[in-house]
Amino acid sequence: MFYKVELKKLPGNEDLSLPQKMSELAAGFDLYAAVGEDTVIAPGERILVPTGFAMSMPAELEAQIRPRSGLAYKHGITALNSPGTIDADYRGEVKVLLINHGTEPFRLTRNERIAQMVFQVVPRVELTEVDELSETVRGSGGFGHTGTK
């Protein structure tokens, strides 16, 4: 099944790459930094990075913003609120919240790959308030309840 997602480059970002897959079977589309100039992210600092595009997707989709493993492994750069959700009715610029968990400042450059965007189908769900819930063996046990260690 294919879904059509429309992308719009925002003014001043004509030079930027649009999201793209880096291999045929990649799950995510790489996102690129639309910073106006090189930006240094200090250790422990978080910044909201623009991508230079907005999009429109079908109502049954959401886009999830996830970290790039290479940035996380090599530099300690990851996406906060991960995965971040972009709802189908959002039409603003896609932005990525990055944090530097590394020990060194990280220099972010224009058009650098910063995150990946994965699309997921969102089921239609109806929430119903009830007086009682069905019983299970697990019951209300949580937070490690099913493990032995």
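How much space lies in the second largest pocket? About 220 Å³ lies there, where a pocket is an open set of points on a 1 Å grid over the protein atoms alone, with a 1.4 Å probe fitting and protein on both sides within 12 Å along at least five of seven lines, and lining residues have an atom within 4 Å of a point. This is a predicted model, in which local features need pLDDT of at least 70 and side-chain atom pairs count only at pLDDT 80 or more, while totals for chains, interfaces and linings use all residues. Residues are numbered from 1 along each chain as its sequence is written, and side-chain values use heavy atoms, with hydrogens and water left out.

**Second largest pocket**
- Its lining has 14 residues, of which Ile65, Gly84, Thr85, Ile86 and Lys95 lie nearest the centre.
- At least two lining residues come from each of β8 (84–86) and β9 (95–100), strands being DSSP runs of E with at least two residues.

**Annotated binding site**
- An unreviewed UniProt entry annotates Arg68, Ser69, Gly70, Asn81, Thr85, Ile86 and Asp87 as "binding site", and such annotations may be inferred rather than shown by experiment.
- These residues span 20 residues of sequence and are also spread in space, up to 26.4 Å between C-alpha atoms.
- From this set, Asn81, Thr85 and Ile86 belong to the lining of the second largest pocket.

**Arg68**
- Arg68 counts as buried because its relative accessibility is 16%, buried meaning under 20% relative accessible area (1.4 Å probe, protein chains only).
- Beyond neighbours within four places in sequence, Arg68 is in contact (heavy atoms within 4.5 Å) with residues including Asp30, Ile77 and Arg113.

Technical notes:
Buried means under 20% relative accessible area, exposed over 50%, partly exposed in between (1.4 Å probe, protein chains only). Grid points are joined across faces, edges and corners, and a volume is the space filled by probe spheres set on the points. Helices (H or I, at least four residues) and strands (E, at least two) are DSSP runs, numbered from the N terminus.
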